[in-house]
Amino acid sequence: MADTQQVDAKAERTVAKLARRITAFSKEHGGAEGQVAYLGQRGARIVLVGEDGGWGDLVAPSYDIAEKAVTKAGITVHEAFDGEFAAKVKTGPYEWSRMAGIQVGGPSNG
């Protein structure tokens with residue numbers, strides 16, 4: 001019985017910590033929306049998009065903990081990262097260079 005209570009207490013602390021980080025992101029970016037994606041044994045990824053187009057992500061140890069964290073933070077959660085939600089993300093030169101890698105401005109392959 002003590003082990004179950006200890007695990008539950010640890011999970012609740014993790015939920016609270018993630019919710020605080022989500023809330024801080026939301027305040028910094030004028031509000032936020034999110035999406036939770038299952039990562040298998042690694043847990044779940046919480047993708048956050050601010051009202052200003054800023055974005056970030058967090059990884060939770062389980063999908064259940066991620067869902068509880070976004071609920072506790074009170075943000076809108078989307079089923080998928082597509083459509084109008086994805087269009088809110090603003091990217092800059094850094095993101096484009098990271099996504100394109102060697103194809104943009106890198107050395108020639110030929």
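Predicted model: local features only at pLDDT ≥ 70, side-chain atom pairs only at ≥ 80, totals over all residues.
Local features were taken at pLDDT of at least 70 and side-chain atom pairs only at pLDDT 80 or more, whereas totals for chains, interfaces and linings use all residues. Residues are numbered from 1 along each chain as its sequence is written, and side-chain values use heavy atoms, with hydrogens and water left out.

The protein chain contains four helices and four strands. Both are DSSP runs numbered from the N terminus: helices are H or I with at least four residues, strands are E with at least two. Along the sequence the pattern is α-β-β-β-α-β-α-α. Of the 110 residues, 32% are buried. Buried means under 20% relative accessible area, exposed means over 50%, and partly exposed lies in between (1.4 Å probe, protein chains only). The accessible surface comes to about 7,600 Å². Carbon and sulfur atoms hold 52% of that surface. Areas come from the Shrake-Rupley method with a 1.4 Å probe; for residues, only the protein chains shown count as cover. Among contacts with a separation of 6 or more, 54% link residues 24 or more positions apart. A contact means heavy atoms within 4.5 Å.

The four strands form an open sheet in the order S3-S2-S1-S4, with mixed pairing. Strands pair if DSSP finds at least two bridges between them. S3 and S4 (76-78) stand at the edges with a single partner strand each, so one side of each has no neighbour in the sheet. Neighbouring strands are turned by 25° against each other on average, direction ignored. S2 and S3 run antiparallel and are joined by six bridges. Val-47 stands opposite Asp-57 in S3. The two strands form a hairpin with four residues between them. In its turn, Gly-53 has a positive phi of about 90°.

Side chains alternate along S3. Gly-56, Leu-58 and Ala-60 point to one face and are buried. Helix H2 lies across S1, S2, S3 and S4, running at about 170° to S1. Axes are lines fitted to C-alpha atoms, for helices over the stretch in contact; angles run from 0 to 180 degrees between N-to-C directions.

The largest nonpolar core has 18 residues. Such a core is a set of buried Ala, Val, Leu, Ile, Met, Phe, Trp, Tyr and Cys residues joined through side-chain atoms within 4.5 Å. Ile-22, Ile-46 and Leu-48 have the most contacts inside this core. H1 (2-28), S1 (32-38), S2 (44-50), S3 (55-60) and H2 (63-73) each supply at least two of its residues. With residues up to four places away in sequence not counted, Leu-48 touches residues including Ile-22, Phe-25, Trp-55, Leu-58 and Ile-75.

Gly-31 is found in the loop between H1 and S1. Gly-31 is buried, at 17% relative accessible area. Beyond residues up to four places away in sequence, Gly-31 touches Ser-26, Val-49, Gly-50 and Glu-51. Its C-alpha is 9.9 Å from that of Leu-48, at 17 residues apart in sequence.

One aromatic pair was counted. Phe-81 and Phe-85 pair edge-to-face, 5.1 Å centre to centre and with 80° between the planes. Rings of Phe, Tyr and Trp (its six-membered ring) pair if their centres lie within 6.5 Å; planes under 30 degrees apart count as stacked, over 60 as edge-to-face and the rest as tilted. Phe-81 is partly exposed at 37% relative accessibility, whereas Phe-85 is buried at 3%.
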